[in-house]
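Here is a friendly note to read alongside the sequence and the 3D view. Please keep both open as you go through the points.

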Amino acid sequence: MRVLSGIQPTGNLHLGNYLGAIRNWVRMQDEMDGDSQCFFFLADMHSITVHEAREQRIRNVRDMAAALVAAGIDPDRSVLFNQARVPAHAELCWLLNGTARIGWLNRMTQFKDKVGKDREGASIGLFVYPVLQAADILAYNATHVPVGEDQKQHLELARDIATKFNTDFGVELFTLPDPIIPKESARIMSLRDGTAKMSKSDPSDMSRINLTDDDDAIMQKVKKAKTDPEPLPETAEGLAGRPEAANLVGIYATLAGSSPDAICAEFAGKGFGAFKPALGELLVETLRPIRTRFLELRTDDAALDAILEKGAAQARAAAEPTLRAAYDATGLMR
C-alpha cells in the first residue's frame, strides 16, 4: 500500500486543515505496516497559479513543513518533501497533457468555481491543475489517496488519465488509485459563517483559528464565534438548521474524540455562554504543544530544508522508474 497526499503551502495551518486532513495523515502514518509507505508533499508547483512574491513562497513552504512536523508528521517514517524538488512531477504532467482531454478538464467544477465569469483571464496553469495532480499521484503508483468531497472528481480524472495512457500505449504502467475516505473526517466551517469552510483566504482572521494563535487569541475567537440564542439540544438531530451551532459542537466532538450526540447530551439545555469557554479550553490545550513546536522549528531554515531534501531524494528515487517507463512507452528517447 502506498499512500500519497499533498497540501498547498499557503503559510500556517489553521484548524480546518489540522482536523480535516492532517490528523488523519498522522493516524495513517502511525498505522502503516512494514510493506506500506506514506508520501506527503507540499504542492508548491500548484501554488504558482496564484501570483506570490518569491520570498513569500519560500517562507510558506518552510512554514508549512514546520507545521506538518509539529502536528505529528515524522520525516523518519513518512516521505515529506516539496514538489519542486522532484522534477518527475512536472515532466510526467507534460506527458499526461498529451493523454488528458479538454472535455474532461472542462467538466472540473473547482475550475469553474474559482474562475467564475473571468474564464478568459484565468491562467492555463489553473485549467490544467488537475493534470498535475494526476502526475503527482501516478508518478508514485500510489494505491490510495486521502480525499475530501471537493477532490473526488480530480481523483476520478487521474484514474481516467491512467486508464487511457495504459490503453493507448499498450502498457500496464499506472496503478489506478483508490480514494481513502477517513472514518473520522471533520469538515470544519468558518467561525463567522457556518455554511462556509474555514479558509485562509477569508478576509476576516476571526473566521478561523490558526495553529499559531496564542491562548488568548483562541479564547477570544471562540467567544466571538457566531452562534444563535437557542440552548444546545439533547441530541445532534436538534442542531438541524443551526449551522454555526453544529460547527462548534462538531469541533468539540472531533477534538474530544467523541460524537456530536455525546457532546449535546453533556451540554443539553445550556447556552453558548457555558459551551464556548469549555470549547476554548479544549482548543487551547490541544493546540498549545503544536504551536510551541512549530515556533521552534520555523526558526531553523537549514533544518527544514534538510528535512525536505531528504524526503525529495526518497521521492525522486521512487518516481524515477515510473517516469522512465512513461518516456519509453511514448517513444521519447532520453
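1. UniProt, in an unreviewed entry, lists Asp-136 under "binding site". UniProt positions follow the numbering used here, feature names are shortened, and annotations may be inferred rather than shown by experiment. This is a predicted model, in which local features need pLDDT of at least 70, side-chain atom pairs count only at pLDDT 80 or more, and totals for chains, interfaces and linings use all residues. Residues are numbered from 1 along each chain as its sequence is written, and side-chain values use heavy atoms, with hydrogens and water left out.

2. Helices (H or I, at least four residues) and strands (E, at least two) are DSSP runs, numbered from the N terminus. Asp-136 counts as buried because its relative accessible area is 2%; buried means under 20%, exposed over 50%, and partly exposed in between (1.4 Å probe, protein chains only).

3. Which residues does Asp-136 touch? Leaving aside residues up to four places away in sequence, Asp-136 is in contact with Leu-4, Phe-41, His-46, Gln-83 and His-89. Contact here means heavy atoms within 4.5 Å. With His-46 there is also a side-chain polar contact of 2.8 Å. Such a contact is a pair of N or O atoms within 3.5 Å; within protein, one must be able to donate a hydrogen and the other to accept it, and residues adjacent in sequence count only if both atoms are side-chain atoms.

4. His-46 itself sits in the loop between strand S2 (37-42) and helix H2 (54-71). His-46 is buried too, because its relative accessibility is 3%. Its contacts beyond four places in sequence include Gln-8, Tyr-129 and Leu-132.

5. An unreviewed UniProt entry also marks residues 9-17 as the short sequence motif "'HIGH' region". Over residues 9-17 the chain is 33% helix and 0% strand, with the end C-alpha atoms 11 Å apart.
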